[in-house]
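Here are my notes on this model, as numbered points. Please read them with the structure open.

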Amino acid sequence: MFVGHYSVAFAAKTERNKIPLWVLFIAVQFLDYIWATLVLLGIEKLRVIKGFTAGSMLDSYFHPYSHSLIAAIAWSGIAALVYYAICRRHACHYSTSAAVIVGVAVFSHWILDFIAHPRDLAIYDNTWKVGLGMWNYRDPEFALEIALLACGIILYLSRNVMPAWRKVAAIGFGVGLTIIQIGDTYVPRDALTDKATAMGVWIFYTLFVAVAFFLEKIGRRRQINAS
Ligand SMILES: [Zn+2]
């Protein structure tokens, strides 16, 4: 699963919880940030094999600290606590429920990976591996990613008050993510090394976080002046 993860970030943001979209963009990919970091450090192991599955080249044969079910639950709890602590310090509203939403957003990553990954997600440590393996079916997996993303953006547009320009930009962002997913799924390319792949994850995911940050700046001053 790639851009489909961001459906949860878009869907989770409401006028009521006021969680910044960029925070949710980090949350839904939090496990992959840890994974990419641990791959760069040589602690978790990845092989990049052309044609490993129809929709992905990633053979993540050892990633118990970022992607086992137990680790995912633990990271979700940690993320919720960190968000709660930051919210309390900055006295934002709805800090408790918002922290729970951030934790659930982190955990959603594991659920969506469970659908896409071949049997490489351990329940705990590096054993009892599960995964529905939708990556073996390229077109349905691609369709699922885009359908999820579209649903998430529709919810984001309907549940948040925003100026027209931000709506247009949010749809444009969705189109951009779709194009990137087309490139990832369908454009043939050579397999990168494990470390280069992990660096790419850091760079692309952080770029998306930056876009989400600037997206919610569009028309903000006018909105504040109006209220
Ligand atoms: Zn993942």
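1. Salt bridges, overall. The count comes to four salt bridges. The model is predicted, and side-chain atom pairs count only at pLDDT 80 or more. Side chains of opposite charge can pair when their charged atoms come close.

2. Glutamate 216 with lysine 13. Their side chains meet in a salt bridge, at 3.0 Å from N to O. The pair links distant parts of the chain, 203 residues apart. Glutamate 216 sits in the loop between helix H9 (194–215) and helix H10 (220–226). Lysine 13 sits in the loop between helix H1 (5–12) and helix H2 (21–28). Is this pair buried or exposed? Glutamate 216 has a relative accessible area of 12%, so it counts as buried, the cut-off being under 20%. Lysine 13 is at 10% relative accessibility and therefore also counts as buried.

3. Aspartate 190 with lysine 50. This salt bridge has an N to O distance of 3.5 Å. Aspartate 190 lies in the loop between helix H8 (164–186) and H9, and lysine 50 in the loop between strand S1 (45–48) and strand S2 (58–62), so the contact ties together parts that are 140 residues apart in sequence. Both aspartate 190 and lysine 50 are exposed.

4. Aspartate 184 with arginine 189. The closest N and O atoms of this salt bridge are 3.0 Å apart. Aspartate 184 is partly exposed, at 29% relative accessibility. Arginine 189 is partly exposed too, at 36%. Keep this pair in mind for the next point.

5. The largest pocket. What is its volume? The volume is about 870 Å³. The pocket is lined by 41 residues. Closest to its centre are Met57, Leu58, Asp184, Arg189 and Thr197. Asp184 and Arg189 in that list are the partners in a salt bridge. Helix H3 (30–40), S2, H6, helix H7 (138–159), H8 and H9 each supply at least two residues of the lining.

6. Histidine 67 and aspartate 113 are both buried.

7. Cysteines. How many disulfides does the structure hold? It holds zero disulfides. Cysteine 87 is buried, at 2% relative accessibility. Cysteine 151, at 48%, counts as partly exposed.

8. Backbone points to check. Aspartate 125 has phi near 45°, a positive value in a residue other than glycine. Aspartate 125 is in the loop between strand S3 (121–124) and strand S4 (127–130). At 48% relative accessibility, aspartate 125 is partly exposed. Tryptophan 128 also has a positive phi, near 55°. Tryptophan 128 is placed in strand S4. At 61% relative accessibility, tryptophan 128 counts as exposed.

Key
Residues are numbered from 1 along each chain as its sequence is written. This is a predicted model: local features need pLDDT of at least 70, side-chain atom pairs count only at pLDDT 80 or more; totals for chains, interfaces and linings use all residues. Side-chain values use heavy atoms; hydrogens and water are left out. Buried means under 20% relative accessible area, exposed over 50%, partly exposed in between (1.4 Å probe, protein chains only). A disulfide is a pair of cysteine sulfur atoms within 2.5 Å. Helices (H or I, at least four residues) and strands (E, at least two) are DSSP runs, numbered from the N terminus. On a 1 Å grid over the protein atoms alone, a cavity is a set of points where a 1.4 Å probe fits but cannot get out, and a pocket is an open set with protein on both sides within 12 Å along at least five of seven lines; lining residues have an atom within 4 Å of a point. Grid points are joined across faces, edges and corners, and a volume is the space filled by probe spheres set on the points.
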